[in-house]
Amino acid sequence: FTGKTGSELLTEKVKKFKVREFQSIPIVVNESASVYDAISTMFLEDVGTLFVVDKNTCLTGVLSRKDLLRASIGNQDLTNVPVHIIMTRMPNITICKKDDLLIDAANKLINKQIDGIPVVKESEFGNEIVGRITKTTITKAFVELIKDDNF
Ligand code: ADP
């Protein structure tokens with residue numbers, strides 16, 4: 001018996017959750033892709049957030065569902081609108097690293113009111129994208145806490 005309360009044990013457990021253990025594969029499009037291509041990718045890959053990369057697979061932007069919806073209102077030809085025109089771009093992108101605590105990434109999702117955060121690794125070309133954390137990731141971690149309940 002450790003003498004710790006249930007909530008102390010829970011806190012300990014949550015603070016062991018790292019981004020690297022929960023991150024999923026990032027779905028990316030090239031910055032030269034069209035809005036039409038991005039919408040197709042979003043459906044085919046079944047994700048709500050796409051990350052935009054340059055030729056070195058470094059992060060340059062983010063595309064949400066609403067970014068793409070907004071660009072689709074009106075009658076322009078979406079195959080002729082490049083995503084870099086409508087994306088949220090660096091340096092205004094909220095990022096995280098694989099060694100960050102998952103709870104810190106979760107706080108960023110809430111504070112910035114966004115659905116996803118790219119996991120990046122600094123390379124010689126910029127922020128190389130290696131993963132993603134989304135609201136679904138946090139839901140999975142929440143369920144994980146209860147699964148092997150040992151407190
Ligand atoms: P939706 O627009 O579908 O509600 P979000 O809430 O994730 O999805 O996105 C809201 C806005 O924030 C969008 O314009 C999007 O480009 C931007 N955004 C999404 N993720 C990030 C991020 N990690 N960093 C900065 N901006 C982001």
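A: Let us begin with the polar contact, which is a pair of N or O atoms within 3.5 Å; within protein, one must be able to donate a hydrogen and the other to accept it, and residues adjacent in sequence count only if both atoms are side-chain atoms. Here a polar backbone atom of Gln113 is 3.3 Å from an oxygen atom of the ligand, and a polar backbone atom of Asp115 is 2.9 Å from an oxygen atom of the ligand. For Asp67, a polar side-chain atom lies 2.4 Å from an oxygen atom of the ligand.

Q: What kind of model is this, and how are its residues numbered?

A: This is a predicted model, in which local features need pLDDT of at least 70 and side-chain atom pairs count only at pLDDT 80 or more, while totals for chains, interfaces and linings use all residues. Residues are numbered from 1 along each chain as its sequence is written, and side-chain values use heavy atoms, with hydrogens and water left out.

Q: Which residues come nearest to the ligand?

A: A residue is near a molecule if one of its heavy atoms lies within 4 Å of it. There are 14 residues around the ligand, and Ser64, Asp67, Thr88, Thr94 and Asp115 come nearest. By class, this shell has 4 nonpolar, 6 polar and 4 charged residues, where Ala, Val, Leu, Ile, Met, Phe, Trp, Tyr, Cys and Pro count as nonpolar, Asp, Glu, Lys and Arg as charged, and the others, Gly among them, as polar.

Q: Where does the ligand sit?

A: Rolling a probe the size of a water molecule over the atoms shows where empty space is left. On a 1 Å grid over the protein atoms alone, a pocket is an open set of points where a 1.4 Å probe fits, with protein on both sides within 12 Å along at least five of seven lines, and its lining residues have an atom within 4 Å of a point. A molecule sits in a pocket if more than half of its atoms lie within 2 Å of its grid points, and the ligand sits in the largest pocket.

Q: What lines the largest pocket?

A: Its lining has 18 residues, of which Val62, Ser64, Gln113, Ile114 and Asp115 lie nearest the centre; they divide into 4 nonpolar, 8 polar and 6 charged. Helices (H or I, at least four residues) and strands (E, at least two) are DSSP runs, numbered from the N terminus. Strand 3 (59-64), helix 4 (65-72) and strand 5 (116-123) each supply at least two lining residues, and helix 4 gives the most, with 4 residues. Helix 4 also gives the most to the shell around the ligand, with 3 residues.

Q: What lines the second largest pocket?

A: The second largest pocket is lined by 14 residues, with Gly48, Arg132, Thr134, Lys135 and Thr136 nearest its centre. Strand 6 (126-134) and helix 6 (135-147) are the elements that give two or more residues to this lining, and the largest share, 4 residues, comes from helix 6.

Q: Which peptide bond is cis?

A: Omega is the angle to read, and for the bond from Met90 to Pro91, which is cis, omega is near 10°. Pro91 belongs to the loop between strand 4 (88-89) and helix 5 (102-111).
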